[in-house]
Amino acid sequence: MATAPPSLRTRFTELVGCTVPVQLAGMGWVSGVDLSAAVSQAGGLGMVAFPMATPEALTGLLEDVRRRTTRPVGINFLLPLLQDHACIDIAAERMSVVEFLWATPSPRLVARVQAGGALAAWQVGSVEEAREAAYAGCDFVVVQGVEAGGHVRGSRALLPLLGEVVEHVDIPVVAAGGIATARSVAAVLAAGADGARIGTRFIATTETLLAGAAVPVPASSPFCPTRTTTGQVDAMPLYAGEAVGAVTRIEPAADVIRELATGAVALLNRALSGPDPD
Ligand SMILES: Cc1cc2nc3c(=O)[nH]c(=O)nc-3n(C[C@H](O)[C@H](O)[C@H](O)COP(=O)(O)O)c2cc1C
């Protein structure tokens, strides 16, 4: 039987109630029920993203998630694609975390999430936006560097941006962009992050959802180009971040979580204990 990943307690794990400070990035048409439940079952925070789902469809999908795991799971809303704000209330009643991307942090939306019983988070790309998220009342903030895959809000390298954000906000900070290995998880934790958010690495898991149907792609859609996509392909989101070189195989999400947590603990311990004696 597979061993459980080591527990790595941070402000993020304490707040959210998970045991490994790794958040699956909400990725439209990629992070579905299977992948999110697998990450949460393995100790991380699974995140679903169902852009453009109707309130009825979303209710069914989230109830499916809740049947798969009793552990914390969150949901991501890419705000330009959110058609019906009733989805926020449906999500807040069923998910542990409701997070947003691609709009100025809104105290009204944050309060709406918290009134439904969920934690509210915002993915941001600058120090100013991180401060706005904290001011809006978010429970935690995700800071995204330019190394990220998908819709990239950040225009700066993650480490210097993260260093500034942790100096300016008191809420837990999750780092995103170019993190795919235990080394990079350890690096952002050592740099002051409370958690690591990972997208690209989790695309290469056995539980990922990959869109295969023939569908029109609206502006701002997170649909990834495939070999058969036609049209203005360069206007679509980047489908992998800078850490893609570290993704060398497809494996179960729980194995990824275990490798990242075990490796990060070993690296952090080694960094603290100094060079090996001769
Ligand atoms: C294929 C793909 C789709 C994405 N879709 C979304 C999305 O719908 N909403 C969102 O907030 N972020 C989205 N992102 C960005 C992630 O939240 C996160 O910032 C990013 O994956 C982190 O960088 P990494 O890919 O290097 O791990 C997406 C990323 C990828 C790779």
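**Close-up views of a predicted model**

**View 1. Met-52 lies in the loop that runs between strand 2 (46-48) and helix 3 (55-68).** The structure shown here and in the other views is a predicted model. The phi angle of Met-52 is near 70 degrees, a positive value in a residue that is not glycine. With a relative accessibility of 35%, Met-52 counts as partly exposed.

**View 2. Trp-102 occupies the loop between strand 4 and helix 5 (107-116).** Here, too, a residue other than glycine has a positive phi, with a value near 75 degrees for Trp-102. The relative accessibility of Trp-102 is 31%, and the residue counts as partly exposed.

**View 3. Strand 8 pairs in the parallel sense with strand 1 and with strand 7.** Strand 1 comprises residues 22-24, and three bridges join it to strand 8. On this side of the description, Leu-24 stands opposite Ile-198 of strand 8. Strand 7, made up of residues 173-176, is likewise connected to strand 8 by three bridges. Ala-175 has Ala-196 in strand 8 as its bridge partner.

**View 4. A right-handed β-α-β unit is formed by strand 7, helix 8 and strand 8.** The helix of this unit spans residues 182-190. Strand 8 is covered on both faces. Gly-195 and Arg-197 are buried on one side of the strand, and Ala-196 and Ile-198 are buried on the other.

**View 5. A salt bridge joins Arg-197 to Glu-99.** The closest N and O atoms of the two residues are 2.7 Å apart. In general, side chains of opposite charge can pair when their charged atoms come close.

**View 6. Arg-201 takes part in salt bridges with Glu-251 and with Glu-259.** Between Arg-201 and Glu-251, the distance from N to O is 2.7 Å. This pair links distant parts of the chain, with Arg-201 in helix 9 (residues 200-203) and Glu-251 in the loop between helix 9 and helix 10 (253-273), 50 residues apart. For the salt bridge between Glu-259 and Arg-201, the N to O distance is 2.9 Å. Glu-259 lies in helix 10 and Arg-201 in helix 9, and this link also connects distant parts of the chain, 58 residues apart. Arg-201 is buried at a relative accessible area of 5%, and Glu-251 counts as buried at 9%. Glu-259, by contrast, is partly exposed, with a relative accessible area of 32%.

**View 7. Asp-34, Asp-64, Arg-67 and Arg-68 are connected in a network of salt bridges.** For the model as a whole, the count of salt bridges comes to 16.

Conventions: Residues are numbered from 1 along each chain as its sequence is written. This is a predicted model: local features need pLDDT of at least 70, side-chain atom pairs count only at pLDDT 80 or more; totals for chains, interfaces and linings use all residues. Side-chain values use heavy atoms; hydrogens and water are left out. A salt bridge is a side-chain nitrogen of Lys or Arg within 4 Å of a carboxyl oxygen of Asp or Glu. Helices (H or I, at least four residues) and strands (E, at least two) are DSSP runs, numbered from the N terminus. Buried means under 20% relative accessible area, exposed over 50%, partly exposed in between (1.4 Å probe, protein chains only). Two strands pair if DSSP finds at least two bridges between them. A crossover is right-handed if, with the strands pointing away from the viewer, the path from the first strand over the helix to the second runs clockwise.
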